[in-house]
Structures are given as C-alpha cells and as structure tokens.
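Subject: Structure handover

Hello,

The structure is below, with its sequence. My notes follow it.

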Amino acid sequence: MDTAKGFCILLVVMFHAELLDKGTPCLGMLRMPFYFALSGLFFKDYGGFKTILKKINKLLIPFLFFYIISYLFFIGIRISIGGVIDIPFFSFVNSKKMVNIALWFLLALFWSNVFFLIIYKVSKNWYILGLLSAVVGVGSMICFNYYGITLPLYIDSGIVALPFFYLGYMLKSSNILYPNSYDKYNILVIMMLIFVAVLCFYSGDKPYIGFGSLDFEGNPALFYIGAVSIVIAFILICKKVGPIFGLRYIGRYSLIILGVHLTIISTASNGFRLLGIDQEASYFSFMVFFLSIIVSSALIPILIKLFPKFTAQEDLITEGSIQKLFRAAQSARV
C-alpha cells in the first residue's frame, strides 16, 4: 500500500506541475478515488469519539499546520513583490478557494471518515453499508450538482467520495490484498479492468469529477464505474510488482508531500521564469516536477523530527489532555 500511495502522490504532483491534466486517460478516475479508497481500507471504529479524535490528529491537525505555513509563505511573497493579499485566511470555510489548494483533500477525507462512521453505526452489514454509502454519495453528488449547493469546509466533497471510501473498506474485508489461489489470474483481471476503465473514459465523453471543486464533466455514472475498475486494477498491479523502496518511502509520508509540494511548485516555477527559462518549453514542467519531488522528499525527515505531532506521526490531542482540560475548567468555575 505504501508503494501504491507513493505512485499516486507522484501523479498528484505531476498533475499540479502540469505534466498531466484531467484529459489524460483515466488519470482523474484513479488519482483521488484511490486515496479515498485507501482511507476506507484502513478504516477502523475505535469507538465513536475515539475514532473522531484519531482523525482530528491524523487529518485536521496536519491541515492546520500546513495551511498556516503556506499562508505565511503566501503573505511573505505578496508583500515582497508589493502585491495584494486577495485570499482571506478563512476563505476555505465558505468557498472552494484557499492558499495551497491541495489541502482540501485533508478536510474532505476527515468528513468522509465522519459520515462513513455514522453509516457504519447504522449498520455493519457489508451490503447495507455499501448501499447506504452509494445512495448518500451519488445522491448527494446529483443534488449538489443540480441545485448548485456548496457546503462549508469541503463537507460536500467528503460526502460525494463515500462510495470510494466504502470500496476500500470492502477490499479490506476481501482477500484481494493477500496471496490467494486466484492470484494466477491477476494479469488477466488487470487487463479486463483497465479495458473497462478506458471504455468508460471514452464512451462517457471523458467523464471527470473534481472532488475538491465539485466540477462534473461527462457521464458521472461511467466515471464511478471506471474509477472502481482502475482503482482495483491499480491495487492488483502494485500487489504484483511488490514493494519499491523509493515509492514506499514517499508513499509512507505522502501526507507531508501533499502538504508542501504546491508551495515548492509555485516557488520553482517563479524561480525558473526569473532565470529566463521558457515556461512553454516541453522540459519546464518536468523540471518543476523533479525539483518539487526532490525538495519535498528532503523535507520529510526534517518535518517528522521537528514536528511529529503536526505531521500525523504522533497524537497532539489525547483523551488524557482533554480530561485534564475539562477538570481545569471545572476547577476554574469552582
């Protein structure tokens, strides 16, 4: 899974460095759906409040950490060039606009966990859980699109991704991730699934769902079918290939790369332009991508050593700290 995460974070950085775009066949079907499925793959109910607290530490704390750093960097750059600070700090609350837009995913993923937990509390039955996730996710997507509804804090993005979150949970309950007697058919299954995904891509008028902005293009039904197919195919490919050290490393710390890569991309792009490198040159995007991956990877050991509680390595908020705060508040009242 770390190898798979590593490959996917490379796709994310390639997309933001403009090496790839949403017109790349099946890229949009894999890039974000896989990450939501991955979270579902590792979903575990530790008991209502404990589960939410765990996700606050793993998602919301890193979001705030990287967002504050990005915003301070943004302000510094704007002031240095005499520009206007046109994006308010809390713009992400009520709009789809924010500094370091890649961080929307952490907010959306938090809400996917919350809503899936609610559905999980309603029924733990495999089929009912899947049906409810599909109805809520796809139904909400249709409703948001038709009525133009936007919910704050990317709640809507998290809800729309529920079918993929369930996909991960379902795969965890199967034996697909482990060696089994059907592995000898994996190559054939992979080819069939990729064929289905490509067929959905072209016959559905290149369907695309931008989960962050909730942009919809083409046939959304074929997007879901194609995305499920390519995600499963991708997992089987990674299972077949096995661990790849470099990809495992960046995959394990993909949250850090997600948090810093856009700031590095922006800096690298502006730096190359100042050096007179042609932005339209075919190698420009590759240079930006390569530098972003190198610098992001170099920052991983620094950030996990200096800020382990802000990069999801350790918990910042614990039940014990909350209880102490609660007792201190009671004592102050007395």
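A disulfide is taken here as a pair of cysteine sulfur atoms within 2.5 Å. By this rule the count is 0. C200, for one, is in no disulfide: the nearest cysteine sulfur belongs to C26 and lies 8.4 Å away. C200 is buried, at a relative accessible area of 6%, whereas C143 is partly exposed, at 28%. For these classes, buried means under 20% relative accessible area, exposed over 50%, and partly exposed in between (1.4 Å probe, protein chains only).

Two points on the source. This is a predicted model, in which local features need pLDDT of at least 70 and side-chain atom pairs count only at pLDDT 80 or more, while totals for chains, interfaces and linings use all residues. Residues are numbered from 1 along each chain as its sequence is written, and side-chain values use heavy atoms, with hydrogens and water left out.

Overall fold

The protein chain has 14 helices and 2 strands. Helices (H or I, at least four residues) and strands (E, at least two) are DSSP runs, numbered from the N terminus. The radius of gyration, taken over C-alpha atoms, is 21 Å; a compact globule of 334 residues would have one near 20 Å, so the two agree. That globule rule is 2.2 Å times the number of residues to the power 0.38. The C-alpha trace spans about 65 × 55 × 45 Å along its principal axes.

Of the 334 residues, 46% are buried. The chain exposes about 16,800 Å², with carbon and sulfur atoms supplying 68% of that area (Shrake-Rupley method, 1.4 Å probe; for residues, only the protein chains shown count as cover). Among contacts (heavy atoms within 4.5 Å) with a separation of 6 or more, 76% are between residues 24 or more positions apart.

Aromatic rings

A search of the whole structure gives 40 aromatic pairs. Rings of Phe, Tyr and Trp (its six-membered ring) pair if their centres lie within 6.5 Å; planes under 30 degrees apart count as stacked, over 60 as edge-to-face and the rest as tilted. F43 and F165 have ring centres 5.9 Å apart and planes at 75°, so this pair is edge-to-face. The pair joins distant parts of the chain, 122 residues apart: F43 is in the loop between α2 (27-41) and α3 (48-80), and F165 is in helix α8 (residues 162-173). Both F43 and F165 are buried.

F201 and Y202 also form an edge-to-face pair, with 5.0 Å centre to centre and 90° between the planes. F201 is buried, at 2% relative accessible area. Elsewhere, ring pairs link a cluster whose members include F7, F34, W104, Y154, F211 and F234.

Charges over rings

The charged end of R31 sits over the ring of F15, 3.9 Å from its centre. For K54 and Y46, the charged end of K54 sits over the ring of Y46 at 5.0 Å from the centre. The rule asks for NZ of Lys or CZ of Arg within 6 Å of the ring centre and within 35 degrees of the ring normal.

Backbone

Most residues other than glycine have a negative phi. E18 has a positive phi, near 70°, and is placed in the loop between α1 (2-16) and α2. A312, not a glycine either, has a positive phi of about 70° and is found in the loop between α13 (284-306) and α14 (319-333). E18 is exposed at 62% relative accessibility, whereas A312 is buried at 15%.

Regards
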